[in-house]
Amino acid sequence: MRSFRTPEGVTLGVEHFGDAAAPLVLLAGGTTMLSWPDALCESLARGGRHVVRYDLRDSGASTTVDPEAPAYTLRDLAADAAALARGLDDRPAHLAGIGVGGMVAQVAALDHPDAFCALTLAGTRPVAPGPVDNDLPDHDAATMTRRFALPKPDWSDRAAVAEFAAAAAAVFGDDPGAARATAERVFERTPGTAPAVQMANQLGMVFARLDCTPRWRERLAELAIPTLVVHGRHNRFFPVGNGEALAREIPGARLLVLEQAATAIPAASADEVAAAMLAL
């Protein structure tokens, strides 16, 4: 684990795979870097890429101040991605974002086009958290009801947090065992056991309080770099129609639907996703 300090003085926790001299693939976490499976990072590295995954602010090894009242915006997170890309390589990077990290990636590619040469958007949508556009499918209502019916864990208890993550994964159609293992790793990387900080790391709750204006969906046609949209067929949080909309609205974008996946990228799909990313 290493760190990178942006020109604005923000420290980002980063992890490297592959040869640092190879073309850069930058993976924006959603919100922690562990949203990107080890198997995918390793597959990309075997394909001849320098892979760097990183934590967004207020998560993991990155600067954490107050996840309940973030003093920055979505645009600041996008600027972090561009600063990291420029700081790691003098060539434009392939930027990838998953979940809410995909929102960061869209804005970064739009606002800092010189920093990026390709874009991958996984399990995300073209609008910010909150009310969705009428033509986009919202979170599956029955699934969200089941998810919010789960009793909240003691966020300072590693085992309780891991079991909660496993139960939530089962509700969403993801692998409970994989979710449990990831939650344990996230817990161990979180700076302290304060409930707000642990919850932000596990759930990315800081995005519920983040200023994500202005809208960017209407600008997607400006993107002029090769783009891959990856979406799980059974994603109940951001249903697949959101990925389909992204692929329609970004010129020349390719849509890869993972027929057996939900919100997470399963380890079994890592090579398929990596091959599609390497082909950009």
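Glutamate 218 counts as exposed, at 56% relative accessibility. Buried means under 20% relative accessible area, exposed over 50% and partly exposed in between, with a 1.4 Å probe and protein chains only. The model is predicted: local features need pLDDT of at least 70, side-chain atom pairs count only at pLDDT 80 or more, and totals for chains, interfaces and linings use all residues. Residues are numbered from 1 along each chain as its sequence is written, and side-chain values use heavy atoms, with hydrogens and water left out.

Glutamate 218 meets arginine 215 in a salt bridge, 2.6 Å from N to O. A salt bridge here is a side-chain nitrogen of Lys or Arg within 4 Å of a carboxyl oxygen of Asp or Glu. Arginine 215 is partly exposed, at 43%. Both residues belong to a network of salt bridges that links Asp133, Asp135, Arg215, Arg217, Glu218 and Glu249. The structure holds 21 salt bridges.

Now the sheet. Eight strands form an open sheet in the order β1-β2-β4-β3-β5-β6-β7-β8, with mixed pairing. Strands (E, at least two residues) and helices (H or I, at least four) are DSSP runs, numbered from the N terminus. Two strands pair if DSSP finds at least two bridges between them. β1 (2-5) and β8 (254-258) are the edge strands; each has a single partner, so one side of each lacks a neighbour in the sheet. From one strand to the next, the twist averages 25 degrees. Helix α9 (residues 270-278) packs on this sheet, touching β3, β5, β6, β7 and β8. Contact means heavy atoms within 4.5 Å. The direction of α9 makes about 175 degrees with that of β8. Axes are lines fitted to C-alpha atoms, for helices over the stretch in contact, and angles run from 0 to 180 degrees between N-to-C directions.

Look next at β2 (residues 11-17) and β4 (residues 50-54). They run antiparallel, joined by four bridges. Valine 14 has tyrosine 54 in β4 as its bridge partner. Side chains meet here too: glutamate 15 and arginine 53 form a salt bridge (2.9 Å, N to O). Glutamate 15 lies in β2 and arginine 53 in β4, so the pair ties together parts that are 38 residues apart in sequence. Arginine 53 is buried, at 1%, whereas glutamate 15 is partly exposed, at 22%.

Glutamate 163 and arginine 180 meet in a salt bridge (2.7 Å, N to O). Glutamate 163 sits in helix α5 (residues 158-172) and arginine 180 in helix α6 (residues 176-189), 17 residues apart.

The loops hold some backbone exceptions. Most residues other than glycine have a negative phi, and most peptide bonds are trans. Aspartate 58, in the loop between β4 and α2, has a positive phi near 65 degrees. Aspartate 58 is buried, at 3%. A cis peptide bond joins glycine 30 and threonine 31, with omega about 5 degrees. Another cis bond runs from threonine 213 to proline 214, with omega near -5 degrees. Proline 214 is in the loop between α7 and β7.

Finally, the rings. There are three aromatic pairs. Rings of Phe, Tyr and Trp (its six-membered ring) pair if their centres lie within 6.5 Å; planes under 30 degrees apart count as stacked, over 60 as edge-to-face and the rest as tilted. Tryptophan 155 and phenylalanine 164 are edge-to-face, 5.6 Å centre to centre with 75 degrees between the planes. Ring pairs also link Phe172, Phe237 and Phe238 into a cluster.
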